[in-house]
Amino acid sequence: SAIKAGRRASDPVVKSDKPTKAKGVSVVARELILAGLTNQEVWAVIKEAFNLDDSKKHYPTWYRCEMKRKGMMQ
């Protein structure tokens with residue numbers, strides 16, 4: 001008979017208080033944009049938080065345009 005890989009019913013389920021994945025640049029940028037920050041304000045936050053260099057300075061503008069295209073904001 002074939003052996004199925006994966007968790008067995010008897011294995012304990014380990015739950016953690018920590019989130020499984022930290023927020024990425026895109027999530028943080030979108031949240032800040034939706035919170036009403038300008039592109040310059042968003043850039044200041046994500047530059048510090050993610051140690052970005054000036055070659056990524058277009059990120060807030062790009063995310064804002066993408067959100068408008070997808071109907072996530074007006």
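The buried residues of helix 3 (59–69) pack against helix 1 (25–34) and helix 2 (39–50), where contact means heavy atoms within 4.5 Å. This is a predicted model, with pLDDT of at least 70 needed for local features and 80 or more for side-chain atom pairs, while totals for chains, interfaces and linings use all residues. Residues are numbered from 1 along each chain as its sequence is written, and side-chain values use heavy atoms, leaving out hydrogens and water.

So who does the packing? In helix 3, Pro 60, Tyr 63, Arg 64, Glu 66 and Met 67 are buried. Buried here means under 20% relative accessible area, with exposed over 50% and partly exposed in between, using a 1.4 Å probe and protein chains only. Look down the axis and these residues fall within an arc of 165 degrees, so they line one face of helix 3; the arc is taken from the directions from the helix axis to the C-beta atoms. Helices are DSSP runs of H or I with at least four residues, numbered from the N terminus. After helix 3 comes Gly 71, with a positive phi near 75 degrees.

Now helix 1. Val 25, Val 28, Ala 29, Leu 32 and Ile 33 are its buried residues. They cover an arc of only 135 degrees around the axis, which puts them on the same side of helix 1. They pack against helix 2 and helix 3. Gly 36 follows helix 1, its phi positive and near 100 degrees.

Finally, the largest nonpolar core has 12 residues, including Trp 43, Leu 52 and Met 73. Such a core is a set of buried Ala, Val, Leu, Ile, Met, Phe, Trp, Tyr and Cys residues joined through side-chain atoms within 4.5 Å. Helix 1 gives the largest share, 5 residues.

Terms used:
Helix = DSSP H or I, 4+ residues; strand = E, 2+ residues; numbered from the N terminus.
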